[in-house]
Amino acid sequence: MENILNHVSLEAVSHAQGVSSVTAGSRFVRACLRQPVDRTPVWFLRQAGRYMPEYMAVRKHHSLLDICRTPEIAAEVTITAAERLGVDAAIIFADLLLPFTPMGLEFEFLAGEGPVVHVPVRTAEQVRALRTDRVDELSYVARAIERVAAHFGTPRADGDQLGIIGFCGAPFTLASYMIEGGSSRNYVETKKMMYGDGVAWPMLMEKLVTVLTGFALQQVQAGADVIQIFDSWVGALSVADYRRYCLPAVTELVRRVREMGVPVIYFGVDTASLLPAMSETGADVIGLDWRVPLDAGWKAVGAGCAVQGNLDPITLFAPGDVLKERVREVLAAAAGRPGHIFNLGHGIVPGTPVENVIQIVEWIKEYGAQ
Ligand code: CP3
């Protein structure tokens, strides 16, 4: 409970000093908790990535995994992106697949192909062999978070405390990489295990929840204010299959992370039909992709949740007047209600003009007053 208690006591102090409670602490964390804010907070999925020259300069000398596993470099990449863009939150530079290594699963990133797991997990015996007792080996992510938290330890010029986001994958999305051996179009092998192996699938979900809980706890103890759980590929499931095969595990993960005292953001892509079920996880915030109008998405998750999103990342390639109109449409759909965090509906893609990303932040500062 420590983090939330910190925010509560901060608010009490600021009242005593005559500071508006609407500007106390972090507007990003406040919005996650559906508390009033001075303006809509903004950050971007994949804000430190290949579209950014500063990141590419670091990538010239280091592999993706080297960056993730070297706290000084991971912290620097995280901080540079947040400061260059002027956003209200920094997401730690890491990757969804990092927990595979301590679980005993070798993988690598191949240029142009993305992640590759050399021996995909297809049998109950292989699931049984996955380790859950070596989460400590991921502590380099916590060390990077400590550096980012120290850097952003004091409020910025506008008095706001920048939020620090830790993250992990959700059980289904991680299982899909383990079972397919990489990215997938139809998730045939994943669904074969899900439908057909009543031993392997639940055991895999349980093991992932154990590992991800430990990984999230390290990040919270290191200073993450919020944990985002990425269920990027869950949109491949029908509502019935999501409820039956995935919802119990992700609900348990959300429950355990919330018990650590931080808000949870739960994000997926192509989720319009899944949103009511996703909100049943108890997540504080649901991340919306761009296919659903923000107001309809918010209605689907219910008033008890905050929402994050949901500009189409490819509008960043559109002419300025179109981009501006789309940004204002997202803000209009949120209608200034407490609990909206501006973001894209999925990650920034390579080739995106950095100046357009910075321009959005400026527009949010201009038009996002609440
Ligand atoms: O700025 C940030 O958002 C933080 C960094 C971050 C990375 N991966 C670094 C990265 C985050 C949040 C992730 C999460 C992640 N990793 C997801 C979920 C996010 C989503 O898009 O829904 C997924 C599915 C992965 C797995 C993964 N990592 C894939 C499929 C790929 C290849 C994709 C591609 O475009 O090549 C990666 C590689 C990766 N992870 C890159 C970055 C910046 C790009 C490759 C590089 O720098 O070499």
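Predicted model: local features only at pLDDT ≥ 70, side-chain atom pairs only at ≥ 80, totals over all residues.
A residue is called buried here if its relative accessible area is under 20%, exposed if over 50% and partly exposed in between (1.4 Å probe, protein chains only).

Residues are numbered from 1 along each chain as its sequence is written, and side-chain values use heavy atoms, leaving out hydrogens and water.

Now for the aromatic rings. Rings of Phe, Tyr and Trp (its six-membered ring) pair if their centres lie within 6.5 Å, with planes under 30 degrees apart counted as stacked, over 60 as edge-to-face and the rest as tilted. Eight such pairs turn up in the structure. F100 and F107 make an edge-to-face pair, because their planes stand at 80° with the ring centres 6.0 Å apart. F100 is buried at 0% relative accessibility, and F107 is buried at 8%. Ring pairs also tie F100, F107 and F109 into a cluster.

F230 and F267 form an edge-to-face pair as well, since their ring planes are at 80° and the centres 5.9 Å apart.

Two arginines also meet rings. A charge sits over a ring if NZ of Lys or CZ of Arg is within 6 Å of the ring centre and within 35 degrees of the ring normal. The charged end of R328 does this with Y367, 3.8 Å from the ring centre, and that of R337 with W298, 4.4 Å from the centre.
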